[in-house]
Amino acid sequence: MLGRPCSRLFRVTLAAATLLRPEQCTQPLASRPAPCSRSWAPGFLKCVLGVLKMEMTEMTGVSLKRGSHAIEDNGSLAPAEEAKRQKVSESCLTKSQDGLENNSTPSCEHAPGRPEAVSAGKSINSSDAQLEEEEEEEEDGFLEEGDVEEEAESFADMMKHGLTELDVGITKFVSSHQGFSGILKERYSDFVVHEIGKDGRISHLDDLSVPVDEEDPSEDIFTVLTAEEKQRLEELQLFVNKETSVAIEVVEDTKEKRTVIHQAIKSLFPGLETKTEDREGKKYIVAYHAAGKKALANPRKHSWPKSRGSYCHFVLYKENKDTMDAINVLSKYLRVKPNIFSYMGTKDKRAITVQEIAVLKITAQRLAHLNKCLMNFRLGNFSYQKHPLKLGELQGNHFTVVLRNITGTDDQVQQAMNSLKEIGFINYYGMQRFGTTAVPTYQVGRAILQNSWAEVMDLILKPRSGAEKGYLVKCREEWAKTKDPAAALRKLPVRRCVEGQLLRGLSKYGMKNIVSAFGIIPRNNRLMYIHSYQSYVWNNMVSKRIEEYGLKPVPGDLVLKGATATYIEEEDVNNYSIHDVVMPLPGFDVIYPKHKISEAYREMLTADNLDIDNMRHKIRDYSLSGAYRKIIIRPQNVSWEVVAYDDPKIPLFNTDVDNLEGKPPPVFASEGKYRALKMDFSLPPSTYATMAIREVLKMDTSIKNQTQLNTTWLR
């Protein structure tokens, strides 16, 4: 049974997919320490504060209570390349196509490991060999206790400098029902996401069996090598030392034993070849590199049966781990490069998520073995296919969400959910698109578009208030004091993040070549700043559009015919509904509405010293072609129920793993101390589930607002 999460924010975070060391791989699940064990929680909590992720800005464990702050009630997310090819709302300039609000630009406080190795499609190549070696020694993004300050400022105090929905243009609602309170993600298991594949099928983990293949080696390959031998082979594989080969003595010399050792080395350590040698009357299996460093990234062709598809597809179930981090973990245990994995969309960290993954020339047998090695992961539904997966191929995601301790009456809940089902919600970009600190990501994007590179550098590196502590604060302080990139970099124990990469670039190219220094950051991460600015403009313009014209199409609005935007003419208004209307993200290859909102776009960009008629940039990567996005999204497959419960720690529905293990579904009493709203709905790619929930509760979803209204959830 996978470890169940604890009930509050930091306790839940402590359960973050705790990994076992390779030598623990054979330890039974039942004998492992519980991931929420209180004995180690305090020290690890300091770690978590140091590496807080932007993805957690999505109402993480907050109590959504109504307060004096009123939001006006009207009363009446794909890869950039894909967006350029298809200017449609479902591919709107996001690398994540999952509707899961994880579109923030990685920063040191939240992206400490090696996620960019996946997001960029390749490992980061550092020009400084010593820096690269130091980075390889980092421990999967987790810090030691001494790396962060002993006394942590309260989370509520840190977040008082953050953004509210008003700051990023989120101001309107489409429904007229009365809002009510509820707790979202009190447990990360209250938020479950199942990917919807390109064939419309919802991904479920329901089969752990391994396809039978006579050409697969025996299970003995996982136990025939000692821990010391595995360590030496891994060092040889990764060129850690100057050894050119590793010799393993065959103690019980039989042909079968030698065969298993050969298979174990070739299967578990891609890039190594083996041969048998006689030395002083003893048999040795000698492992060596056959093709240099390239062998690690390219699995051996001759070891894969020709009749078998080159890609093993599988369903990945994970708890409290985002997709890129999960793939980096899998690649570490398989001893392969992360870029041999492919997927259709990235999934959020603070949730239980189920999605399809493909990996090049790794057997289902090896993948299934990871179920014995890793906690809060489960791999299954294996099959061999001829092709990898591609970003954006998914149709969307299906969400199962529990809002605990709701205050709404049955009538209020009924009105809210009927409105969500029949009308939908405003397709705003969620808060997590814009960052957690006093320096929003859209400000960096605006400076890039303005070609103000000194400001870009300053915005990324300057000290700021907000949810970051310890080593990153010290790095920023050093930068502010000395403007010495090397000195500031020495303050970072974790360097594979935006701040670390920019400082490394400044060390290499100098302070007068900020453009090249900034270019060291992986392309997808750089573009996220610009996309954040586009999202900021779009949110504001859609709010103005709804304020001006309400929830009906009007002449001059835009609709899509195929991938082409056209205007609604006066005589055609009755042929469309508000669900057909799209609004442009600013760019050089889009058109704007033919009514007042067109001038509002121009005024907003002019105020930001940008020319709406010339969105091409001197640097091609930063030229914005633009895209179109529907302004109202109506979820599909909407269902809901209100349940009563007494224990806030119990799960309120079964996960795929619960079902695999035969666990009976929870039984609810007719009355209980608390009430919860369980919601199911499906969303297309690049839409934000938190915005759907915002429409139901009628609440500001920003952490700043929620922590000001209620901080008891931190206790």
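**Close-up views of a predicted model**

View 1. With a relative accessible area of 23%, N381 is partly exposed. Leaving aside residues up to four places away in sequence, N381 touches H204, L205, D206, D207, H313, F314 and V315. One of these contacts, V315, is 66 residues from N381 in sequence, yet the two C-alpha atoms are 5.7 Å apart in space.

**View 2. The whole chain, for orientation.** The secondary structure of the protein comes to 23 helices and 19 strands, and buried residues make up 60% of its 715 residues. The accessible surface comes to about 28,500 Å², of which 47% belongs to carbon and sulfur atoms.

**View 3. The crossing of helices α19 and α20.** The axes of α19 (residues 523-549) and α20 (residues 596-607) come within 10 Å and cross at roughly 145 degrees, and the crossing is right-handed. On the α19 side the contact is made by Y533, Y536, V537, W538, N540, M541, K544, R545, E548 and Y549, while α20 contributes K596, I597, A600, Y601, M604 and L605. Sorted by class, the residues of this contact are 11 nonpolar, one polar and four charged. An α-helix has 3.6 residues a turn, so residues three or four places apart point the same way.

**View 4. Helix α17 and the residue that follows.** Helix α17 (residues 498-509) has 12 residues and reaches 16 Å from its first C-alpha to its last, close to the 16 Å expected at 1.5 Å a residue. The helix is mostly covered, with nine of its 12 residues buried, namely V498, E499, G500, Q501, L502, L503, R504, G505 and L506. After α17 comes G510, whose phi is positive, near 90 degrees.

**View 5. Helix α14 and its cover.** In helix α14, which spans residues 453-461, the residues W453, V456, M457, L459, I460 and L461 are buried. The elements covering these buried residues include α13 (441-449), α15, α17, α18 (514-518) and α19, two of which, α17 and α19, are also the subjects of other legends here.

**View 6. K474 in helix α15.** K474 lies in helix α15, made of residues 471-482, a helix that is included in the cover of the buried residues of α14. K474 itself is partly exposed, with a relative accessible area of 42%. Along the chain K474 and R490 are 16 residues apart, and their C-alpha atoms are separated by 9.9 Å.

**View 7. Two asparagines with positive phi.** Most residues other than glycine have a negative phi. N405, although it is not a glycine, has a positive phi of about 50 degrees, and is found in the loop between β11 (396-404) and α12 (410-422). At 34% relative accessibility, N405 counts as partly exposed, because this value lies between the limits of 20% and 50%. N609, likewise not a glycine, has a positive phi of about 60 degrees and is found in the loop between α20 and β16 (627-630). With a relative accessible area of 65%, N609 is exposed, because the value is over 50%.

Key
Residues numbered from 1 in each chain as written. Predicted model: local features only at pLDDT ≥ 70, side-chain atom pairs only at ≥ 80, totals over all residues. Heavy atoms only, no water. Helix = DSSP H or I, 4+ residues; strand = E, 2+ residues; numbered from the N terminus. Buried < 20%, exposed > 50% of the residue type's maximum accessible area, 1.4 Å probe, protein only. Areas by Shrake-Rupley, 256 points an atom, 1.4 Å probe, with all protein chains shown as cover. Axes fitted to C-alpha atoms, helices over the stretch in contact; angles between N-to-C directions. Left-handed = near helix turned anticlockwise from the far one by under 90°. Contact = heavy atoms within 4.5 Å. Nonpolar A, V, L, I, M, F, W, Y, C, P; charged D, E, K, R; others polar. Expected span 1.5 Å × (residues − 1).
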